[in-house]
Amino acid sequence: MKQVYITSFILLAITLGYFLVSKPVHKEIPKEIPKEIKNLLIITIDTVRADTFYASEDNQFSDRLSIWLKRARVYRNAQSVAPWTIPSIATVLTGYAQNQHGAGAFPGAIANLNTQLPSSVLAGVSTLAERLGVAGFSSNAASAHPWFSSGFGLERGFNTIDARKSRKNIDIWFEQSIKQREQASVQQRNFTYLHYMEAHGRHTRNLEEYFSKLSNDQKKRGLNWAGAICENGLEATICQRYLVYNQAVLELRDSLANVLEQLENSGLLEQTLVLVYSDHGEEFHDHLEQAQADNHDPRGIYGFGHGNSLYEEQLHIPLLIWNPNDEKGRIVNTPVSLLDVAPSILDWLGVDISADNFPGMLLDKAEKETDRVFYASNIAYGPEQISVRDGDEKSIWNTVSDKSSYFNLKNDPDEQQPLTGDDLVLHFDKLTGDYLDLASANIGEPPEIDAEQLERLKSIGYLQGSEVEATVKPKPDPNIDLTIEQDETKILPPQTENQ
Amino acid sequence: MKKRFHINRLDHQLYISKSVLLLVLFILSIGLSACGEKSDNSPADSRLIIVGFDGMDPNLTQQWMDAGVLPNFSKLAAQGTFHPLATSNPPQSPVAWSSFATGLPPGEHGIYDFLRRDADTYSPDFSISKTIPPENILNIFGLNIPLDEGQIINRRQGVPFWSDVESEGGRSSVIRVPVTYPPDPIHRMMAGMGVPDLLGTQGTYTLYTTRSLAAAGTSSSRVVRMRPHRSGRIETSLEGPTDPLHEEHQTLSTPMILEPTAEGAKIQLGGETIELAVGEWSPWIRVEFDVLGPISVTGIVRLNLVAAYPRPQLYVSPINIDPEAPVVPISSPADYAADLAGKIGLFHTIGMPEETWSLNENHISDKTWLEMLKTNLDEREAMFFDAMTKNDSEVLVGVFVQTDRVSHMFYRGIDPEHPLYPETDELARGAIEWIYKEADRILGKVMAEMGPDDRLIVLSDHGFAPFRWAVNLNRWLVDNGYLVLKAGKTQSGIAFSNVDWSKSTAYALGLNGLYINRKGREAHGIVEEPEANVIKARLIKELPRWTFTPPQATQAVAVEDTITTEAELEAEVEQEVTPAPGQAVIRQIFDGDVIYAGNANGDAPDLVVGYEPAFRASWQTTLGAVPKDLIEPNAKKWSGDHCITPEAVPGILFTNFKPEQPISQIAQVAAYARKHWKQNQAKTP
Ligand SMILES: [Zn+2]
């Protein structure tokens, strides 16, 4: 009896095997062989919201970058995964969602970047620089952002990291690095990372100084684009902030044109993939009432800045790509995600990603895919939130109050008219649950940071709470837990200047 | 569509279930209805009727008797006796009811705690019953076919008095007494605490939610996330036991569909469609898990719609063994369960059906839980009175455990010092009094049903005390150098996951147990015999010196303005201070060698911890974990307990006669029962 079974199994296996082997191979029509892309340049323009960045084009104002934009893929509906730097950049540099790379999370349900160190990229999650290093790249970064060199894992894989404070200094560094590469005898493949901070700090920490520097023309242009932000006139602090911010964004655009011109002049543009994006946007009281209600914040501190909400002002970001294999530029209106960046880069640079399980999509494919769900999470100040965007619909769930808001971004792009309906609750609870199910059980431990790094972080507005100092020791004991107990009654606002 | 998740279960449970099932099918197929071997239905007289109300406390009983709300207890006390009944050490139901049944101390019956520890792995194990997988399994084509039957054994040693009575010619009916699984082969028995659910666990319920799993709290039972369609239709499944026949042990499941209705939800499960409003319990639903061809395993569940659309939550009870088609024997004779179900309808068969954990986790409401408990009580009542009115047993024993469960879950309603007291409503504050009144009502029915020569004993296995503070005993052992964590670790998960046994001398597991890491006994034991006694002596001395100051105690010592004289002030302060700063955590540590002489099965702890009232081992301690804090406030609804020093929680004893010798200890009831039968026999020729 047993014998019969075994014999039939063998026969079955042979038959199946035959069919599998003899299946005709589908022949593909050979495509034009693409140019080999040797180098990668990623430029992070920190804190640039999409509408301000594209305001030039939308208002038919042209600057040096406008010409370059005609040659770029312009993703007009790119989405960040978080409203602040660490979780967002970690996604760009790893290809994983925040709840997979583990960086930028806080131990409790209420985040407070004033008093707590966020988590790092999990050990075992590879970064772009690490993977490109294996493929023979040298990787160099010039960053004005201290997070980048503070041990949160973003620095992994870079051969050199140069901490520069200003756009000008970064541009000088870049000029020198191009010269060095021109003079080098062996052309090693290269990944360069630049990180500008001009749009991050001027309007928050040095408002008076920069506002006084604005020319009348600059103010006028800013007012043209400010919309409701300046509805109370130039005297309103929030309007002044926006005008300073707007000018910083325009200067960043100019810088980008500089970099691209240098690349073209040195002949490197033909073999370099250039990617420009912002890690998150910035809010200027666009949702003030909601922010005040959500955070019991009568002073309106939460309606300004970033890291404190998941509205489009903080999530909708510019994303531009110059790919040597693109004949000409194009505007892509299909929403894409910062999750798509890392896998696309690796693929374009010829790194095999077939064994990876990235949550994003290749951008070439993503720009045709309209049926996608986008998630964002990881608040830096206040109760943790998770947003889900499915088509035109979006939900924002406050995990502490357990309240959700629903919007239709097509009819209500400014997210001012919350919708209700059981179908929305059912649908978005399901999608939110999917995101939470994906979560890695671990988050990376916060790094040990020294006094110098702490000072740098404080200088741009982070970790100003006194509790953090207590955790920073000259040589921290590895057994000491750096996280600070959550004190929910004492949440400091992101910026505490006069408002 | 099918979700897989991991649950704790007795790995081999289903080998047995399967083989027993095959046997049952065989018996049924040849049309041989198993009939009781003892078909003696002649009426019994001079019966001994013993009714247990688990956890009934002498102080609360007296209080409500004085208030006149327990007229039948008062009447009984007036007829015969009423006094506190000394309980076992530790005062836990499985320990105490085992002493009740056998008349033996724990050292001889071998049940020392709800949980025993496996000395090979330092992990907790259920102490009441043990499942032994079949020895011979034919493994072929990915199927595991059991060639012999496995075995389920009751870990309790000794002979219960009802078996003694039977072997001397009497008949016993024993209804739902704890630690009677598997059932003894007597005239009539319905097994109690110890009967597993269909998953082989002591009660795994499932909570279905559309929300994230983290939000639902996954610390105990199964939480299943449903993925609804926008319309509200949800297709999900109920996971049953693992497939006993497949090597891979796939989980068997049965589909379930939810749809919104105006009042709540419509649910399709097990071939039935039920509409439920929020908070409403469904009738019993039979679910079938297909194994192979015509073979299937059936169980019964009840559903409760905990929350309405658009965020529905559905509670599914543990999958009870179907009394009409039990996969393992739960009664004597085996078909008694089915006969009874035919008479009183389907009923909870699981050993501990009062799903306390679901209330503790806030997965169901107080009201919903009390409704479930009332159903349980009604089922037990129907069973007991069915046996009593049959009047065919000289010994009739029935235990109602609902008094214990309500006391555990609602002590917060009568203890103003419990953290949850301010949140309790009228329902919660009156719950314990309600169940005592229910006990009184049942007692009244029993007394009305009794014959003139019947003797009645009403008892409880222990009393109750508040449970305000959860004690992380293993934390104390770490802080005091007895338990050593692995380098770099400051805490440990359950089953001592981070413990360095090569440096540890003592550990706590179970509700009252404390063990020495003995060389030759524990897998990584280091303590030699003479040293073990030194360590024990140190713990016996040191632990009762442990004092604890509740955080709010300092504020509680307020001196009132009305006090004028120094003496008055002193007296007042004295009075206020007594329970506050530096109160003792542990009253006494008992030496296992002294109280458990004999150590019947080697499970006995080396030391037994007698906590002071208001304190109890934390849940983490019972499972061998080491959390951060020494003592945490108990903010759970499980707010009363009795696993403390036994002298603080005696049970009750009522009799309708004056016993010839006083029954002052629970283990003395068995001797009385044996003697009563002998005297009876002597009377009747
Ligand atoms: Zn109990």
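## Inside chain B: domain 1 against domain 3

Three salt bridges link domain 1 of chain B to domain 3 of chain B. One of them joins the side chains of B:Arg116 and B:Asp603, at 2.9 Å from N to O. Keep in mind that this is a predicted model.

Domain 1 of chain B is assigned in three stretches, 5-196 + 328-467 + 648-683, while domain 2 covers 205-316 and domain 3 covers 473-629. In the contact itself, 27 residues of domain 1 of chain B meet 38 residues of domain 3 of chain B.

Together, these two domains of chain B bury about 2,600 Å², and 59% of that sits on carbon and sulfur atoms. On the domain 1 side, B:Tyr112, B:Arg117 and B:Tyr122 lose the most area to domain 3, together making up 33% of what that side buries.

## Between the chains: A against B

Now for the contact between the two chains. Chain A puts in 21 residues and chain B puts in 19 residues. The area buried between chain A and chain B is about 1,700 Å², with carbon and sulfur atoms giving 50% of it. In chain A, the residues that lose the most area to chain B are A:Leu426, A:Asp429 and A:Lys430, which together account for 34% of what that side buries.

## Charges and helices at the chain contact

Seven salt bridges run between chain A and chain B. In one of the seven, the side chains of A:Asp434 and B:Arg227 come together at 2.4 Å, N to O. There are also nine residue pairs in polar contact between the chains, again counting pairs with both residues at pLDDT 80 or more.

So much for the pairs; what about the secondary structure? On chain A's side, α1 (2-22), β16 (393-398), β17 (403-408) and α17 (422-438) each supply at least two residues. The largest share, 12 residues, comes from α17(A). By class, chain A's side of this contact has eight nonpolar, four polar and nine charged residues.

Definitions and conventions
Residues numbered from 1 in each chain as written. Chains lettered and ligands numbered in written order. Predicted model: local features only at pLDDT ≥ 70, side-chain atom pairs only at ≥ 80, totals over all residues. Heavy atoms only, no water. Contact = heavy atoms within 4.5 Å. Buried area = accessible area lost by both parts, 1.4 Å probe. Salt bridge = Lys/Arg side-chain N within 4 Å of Asp/Glu carboxyl O. Polar contact = N/O pair within 3.5 Å; in protein donor to acceptor, adjacent residues only side chain to side chain. Helix = DSSP H or I, 4+ residues; strand = E, 2+ residues; numbered from the N terminus. Nonpolar A, V, L, I, M, F, W, Y, C, P; charged D, E, K, R; others polar. Domains from an automatic or database assignment.
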